[in-house]
Amino acid sequence: MTIEQFKRTLQQWSDRDHRWMSVPVAVAALFVLLVLVKSCKGIVYNYSDECKIYKLGYPIEDARMLVAVLSEAQADSLIARGEHDTIAIPIINQRYFIARNFDSYLALHKVDTTASLADIIAIVNVGHYPDKDKKAVPCDTSKGRLMLINGRHYLDEHYKPDSLANFKKTCCYEDQKAQRVVVDAFVALQRACKEQTEAHLMVNSAYRSYQDQKGTYKRNDKRYVAVPGYSEHQTGFAIDVTSLQHPEKWSFGKSKEGIWMRENCHKYGFILRYPEKQSHVLGYSYEPWHMRYVGTDVARRIHDEGITFDEYYAFYLDKR
């Protein structure tokens with residue numbers, strides 16, 4: 001019998017007498033395959049970020065949340081810590097949490113354990129958290145009335161608003177100008193304040209060019225005057241406001257019209273740019289006279305949510 005004849009005989013025997021074995025053999029083969037696949041999945045899972053984070057002591061639900069929210073690099077950084085950081089999940093659940101800032105939130109908490117989570121989120125989001133690698137960057141003027149000017153965002157000496165208008169003499173102590181939309185909004189604000197408090201609001205400073213700011217910086221207390229290029233007044237959207245009854249800036253903040261303005265200016269598109277008790281977040285002292293025009297929709301949101309403009313910008317506008 002040749003080899004070919006043997007193969008044919010074996011095949012005939014198998015087809016005739018052992019056909020009944022094909023189903024159980026197939027089932028067994030499938031079972032073995034499933035076991036192998038499951039084993040492979042288990043091996044792969046053991047090397048996953050979710051499993052590694054879970055092994056640090058995080059509940060499985062928290063591990064899954066962290067993996068879903070964090071980038072691969074952030075997850076690796078968290079794993080490298082080699083410990084269960086109890087602050088990680090509470091930070092993620094904060095309202096103004098921004099994923100890209102996760103490592104900085106944890107770092108700030110390590111050096112300032114007394115700060116509230118809300119403050120940690122705010123300080124990091126606005127960039128006030130010290131960072132030796134963080135440099136000032138040009139202001140994004142395409143944002144228009146929502147452009148951000150602070151200690152980390154600046155305007156160059158050539159920037160000038162393209163729609164400046166003069167305030168009427170009844171609105172300012174001396175000749176002042178600002179963006180036309182600001183001038184119109186202030187007239188409405190002034191009128192409403194007069195009707196409700198009988199006080200007469202006045203603008204004592206509005207648009208200042210880069211060169212104007214140089215002079216202002218030299219003449220005044222450096223704690224309350226921005227370095228040239230870092231002043232909101234250069235945008236034409238910022239105004240310093242007091243009243244005929246309280247022309248001195250600090251007393252204005254405690255006056256009935258100063259309080260009224262702080263509580264109602266958002267209805268006219270203005271915000272108090274540097275609120276009381278926010279210097280640790282913004283890096284600027286309280287200035288009850290410094291108003292910034294952002295438009296009624298944004299001003300109302302900032303007022304209703306109780307946040308600063310820098311926080312609003314970081315959470316709602318900065319889409320890096």
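1. Let me begin with the lining of the second largest pocket, whose residues divide into 10 nonpolar, 6 polar and 11 charged. Here Ala, Val, Leu, Ile, Met, Phe, Trp, Tyr, Cys and Pro count as nonpolar, Asp, Glu, Lys and Arg as charged, and the others, Gly among them, as polar. This is a predicted model, in which local features need pLDDT of at least 70 and side-chain atom pairs count only at pLDDT 80 or more, while totals for chains, interfaces and linings use all residues. Residues are numbered from 1 along each chain as its sequence is written, and side-chain values use heavy atoms, with hydrogens and water left out.

2. The volume of this second largest pocket is about 550 Å³. Its lining is made of 27 residues, and G127, K134, H153, D318 and R320 are the ones nearest its centre. Two or more lining residues come from each of α8 (117–126), β1 (137–138) and α15 (309–317). Of the elements, α15 gives the most, with 4 residues. As for terms, a pocket is an open set of points on a 1 Å grid over the protein atoms alone, where a 1.4 Å probe fits, with protein on both sides within 12 Å along at least five of seven lines; lining residues have an atom within 4 Å of a point. Grid points are joined across faces, edges and corners, and a volume is the space filled by probe spheres set on the points. Helices (H or I, at least four residues) and strands (E, at least two) are DSSP runs, numbered from the N terminus.

3. The largest pocket has a volume of about 640 Å³. Its 31 lining residues include R208, T216, Y224, V225 and A226, which lie nearest the centre. The elements giving two or more residues to this lining are β5 (201–205), α10 (210–219) and α11 (249–254). The largest share is that of α10, at 5 residues. By class, the lining has 11 nonpolar, 9 polar and 11 charged residues.

4. Now back to α15, which also packs against a helix. The axes of α14 (residues 296–305) and α15 come within 10 Å and cross at roughly 105°; axes are lines fitted to C-alpha atoms, for helices over the stretch in contact, and angles run from 0 to 180 degrees between N-to-C directions. The pair is therefore roughly perpendicular, a label for 65 to 115 degrees, with angles under 35 counted as roughly parallel, over 145 as roughly antiparallel and the rest as oblique. V298, R301, I302 and E305 of α14 make the contact with F309, Y312 and Y316 of α15, contact meaning heavy atoms within 4.5 Å. By class, that is 5 nonpolar, no polar and 2 charged residues.

5. Likewise, α8 has a helix partner. The axes of α7 and α8 come within 9 Å and cross at roughly 120°, so the two are oblique to each other. From α7, S104, Y105, L108 and H109 meet I120, I121, I123, V124 and N125 in α8. This contact has 6 nonpolar, 3 polar and no charged residues.

6. Do have a look at H109, placed in helix α7 (residues 102–111). Which residues does H109 touch, not counting those up to four places away in sequence? They are I87 and I120. H109 and I121 are 12 residues apart in sequence, with 9.9 Å between their C-alpha atoms.

7. Lastly, helix α9 (residues 180–197) and helix α12 (residues 256–264) pack at an angle of about 130°, with axes 10 Å apart. They are therefore oblique to each other, and α9 passes α12 in a right-handed crossing. The contact joins L189, A192, C193, Q196 and T197 of α9 to K256, E257, W260 and M261 of α12. Its classes are 5 nonpolar, 2 polar and 2 charged residues.

Notes. Left-handed = near helix turned anticlockwise from the far one by under 90°.
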